[in-house]
Amino acid sequence: MSKAKNRNTDKIRFSVAMCTYNGEAYIREQLQSILEQDVPVDEIVLADDGSTDGTVRIAREVLSQSSVSYEILVNKKNLGFRKNFEQAIARTHGEIIFLSDQDDVWKREKVRVIWAHFQKNPSCLLVFSNAVVVDANRNPQAMDLWDSLMLNKETLADTDWKRLFLKGWYVTGAATAIRRELFEEAIPFPEICYHDAWLAMRAALRGGLEAEPEKLICYRQHADNQIGTVASGAARWKKRLLVLRTAGQTQIEIHRQYAVMYREIDQGFSDLLSADPDFYRELKACAQYHQELGNLGNLRFRERLQVIWHHYRQGDFSRFAKNQAALRGDLFYAMGRRAKEASRRK
């Protein structure tokens, strides 16, 4: 553990919780962009998950030369990004906590624009922004972050966020800031649900989630990203072809993961869900949809098609998927499994 001397935590308003792991290539640029905000941050807590490169050394060098209050935590055992973010946020002291990845670059006005949301609306618990998607060399890609996540920018004002989140996740942690109150309600973070999805659903259930359409970070995509988005049209088609070649296996894995995520939300947020019985039923139906489709591999061919047809007839692919690619992925998986079965019978 490394701490700056004489940390004064009494007057901290803006904290940054950053998680790092082998990020020496980009960490200096990211920290500098945070330190150069036109509304300064008061504190940076960096939690390193056992880097074997120069990440911690570079971070210590940059932060020690700044006037910001900071703390560097170095994990002896790898916690994974969910629990590492929980640890980092827990060590902050600010009223408003900005989440940060190690490899992005913040626009100079990010803190100021996000803070305006919290100032204007005392009930606001979480704000997330759009972002410019860039490659490793910060070259902008064809789609911005919200386009790649299929978030409709035209309907933001009328969005029922909690119901939209039954289709998937649209809030990216690297572009998110939260009020401390939200974190204290939402801990502990679960094992499977992403920390940003977990916080976003809690904020949505409380009616305290807001979206900022301005692109406030350069969201870097490169080979080492743990979580990211498809940055270009060519990459999107490459991913689609990969899905075809693997007979929808990617889609099935998404179903299995989402089934667990929605069950964790059910169990973790029962205090808020019980107050909205209609939405609670929708959440349970969503979890069941993903559970049954994630189980297709354990069924015979005809049974697989029956399950897909049932959920199609129920309208579940419209209710619980971003687009028809989910239906195509499930069908490709069912057909691919059949071809394998036929080849084994010969």
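Ala 17 stands opposite Leu 99 in S5. This is a predicted model, in which local features need pLDDT of at least 70, side-chain atom pairs count only at pLDDT 80 or more, and totals for chains, interfaces and linings use all residues. Residues are numbered from 1 along each chain as its sequence is written, and side-chain values use heavy atoms, with hydrogens and water left out.

Two strands pair if DSSP finds at least two bridges between them. S5 pairs as follows.

| Strand joined to S5 | Bridges | Direction |
|---|---|---|
| S2 (residues 14-20) | 5 bridges | parallel |
| S8 (residues 176-179) | 3 bridges | antiparallel |

Toward S8, Ile 97 stands opposite Ile 178. In S5 (residues 96-100), 5 of 5 residues are buried (under 20% relative accessible area, 1.4 Å probe, protein chains only). Ile 96, Phe 98 and Ser 100 point one way, Ile 97 and Leu 99 the other. In a regular strand the side chains alternate between the two faces of the sheet.

The largest nonpolar core has 101 residues. Such a core joins buried Ala, Val, Leu, Ile, Met, Phe, Trp, Tyr and Cys residues through side-chain atoms within 4.5 Å. Leu 126, Trp 161 and Phe 165 have the most contacts inside it. Helix H8 (residues 195-205) gives the largest share, 8 residues.

Asp 330 lies in helix H15 (residues 325-345). Asp 330 is buried yet has no salt bridge (Lys or Arg side-chain nitrogen within 4 Å of an Asp or Glu carboxyl oxygen). The nearest side chain of opposite charge, Arg 256, is 9.7 Å away.

Definitions and conventions. Buried means under 20% relative accessible area, exposed over 50%, partly exposed in between (1.4 Å probe, protein chains only). Helices (H or I, at least four residues) and strands (E, at least two) are DSSP runs, numbered from the N terminus. Lys and Arg count as positive and Asp and Glu as negative; His and the chain ends are not counted.
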